[in-house]
Amino acid sequence: TIHMKRRPQFYVYTLIIPCMLLSFLTVLSVYLPVESGEKIGLGITIMLAQVVNLLILSGIVPSSSTNFPFLGKYFLVTIIIIGASLIYNTILINYYFQDKSLWCSFKISMRARTVRKVLPENIDNPRTVDKTMNQSLPPSPDSNNGNDVGNGKTSEPDNDAEERRKAICCVADKLAGTIFFVAVSIVHAIYFLPHM
C-alpha cells in the first residue's frame, strides 16, 4: 500500500500565518484611539487583505460544490470577526462624535430657518436684506454673549460630557479588545490545535 501525505508548509506560510496576523491586527484596530480617526480605515484595510487571501485560496484549492474546504471555513470565520470589529468601531465612533454632529446639524438647520424667514419677504431689495439679516439673526451660541470669545474656553457641562464620552469609549475599547482577542484565540485553537 502507498500512503500519500500533503506537506502543509506552503499553505501555512502563504495563507495561514498571514491570516493569523491579520486577525490579531483586528484586535489592535479595536484598541486604536477614536481621536486618531483611523479605526475604520485600518479595519477596512484588514478586511480587504483578508478577502485577497480568500481569493488566493480559491485559486489554489479545487472548486467543489459538495465540500467547502477547511481553510475556506477558517477564512470565512475570520472575515466575520473582522466585520464584527468594523461594526463595533462604527458604533463607537458614532457615539463618540454624537453630540458634536447633532450640534453642527442643529446650527445649520437654525441658520437655514432664519434665512428662509428673511429672504422671501425682501428678495427684491438687497439693502433691506442686509439690514434684516443683521437684525434677525440670533447671537451665535459659540460666542457666549461676548464672554471668553477666542480663548478656547468651553462651558463646564460640555467639557464634562466630552470627558464622560472619552472615558466610556476607553472602557468599551478595552472590553471589546479583550472580547475580540479571546474570540480570535478560540477560533485559532478550534481550527488548528486538533491538527497539530
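How much accessible surface does the protein have, and what percentage of it belongs to carbon and sulfur atoms?

1. The accessible surface of the protein comes to about 13,700 Å², of which 65% belongs to carbon and sulfur atoms; areas here follow the Shrake-Rupley method with a 1.4 Å probe, and for residues only the protein chains shown count as cover. The model is a predicted one, in which local features need pLDDT of at least 70 and side-chain atom pairs count only at pLDDT 80 or more, while totals for chains, interfaces and linings use all residues. Residues are numbered from 1 along each chain as its sequence is written, and side-chain values use heavy atoms, with hydrogens and water left out.

2. The protein has 6 helices and 0 strands, where helices (H or I, at least four residues) and strands (E, at least two) are DSSP runs numbered from the N terminus. Of its 196 residues, 25% count as buried, a term that stands for under 20% relative accessible area, as against exposed at over 50% and partly exposed in between (1.4 Å probe, protein chains only). Among contacts (heavy atoms within 4.5 Å) between residues at least 6 apart in sequence, 80% join residues at least 24 apart.

3. Helix H1, residues 9-31, has 23 residues and reaches 32 Å from its first C-alpha to its last, close to the 33 Å expected, the expected span being 1.5 Å times one less than the number of residues. H1 bends by about 30° at Ile16, with Pro18 following within four residues; the bend is the angle between axes fitted to the seven residues ending at a position and the seven starting there. The buried residues of H1 include Tyr11, Leu15, Ile16 and Cys19.

4. The largest nonpolar core has 23 residues, and Leu15, Leu57, Leu71, Tyr74, Phe75, Tyr88 and Phe180 are those with the most contacts inside it; such a core is a set of buried Ala, Val, Leu, Ile, Met, Phe, Trp, Tyr and Cys residues joined through side-chain atoms within 4.5 Å. H1, H3 and helix H6 (156-192) each supply at least two residues of this core. Apart from this core lies another, of 6 residues, among them Leu22, Ile46, Met47 and Leu86.
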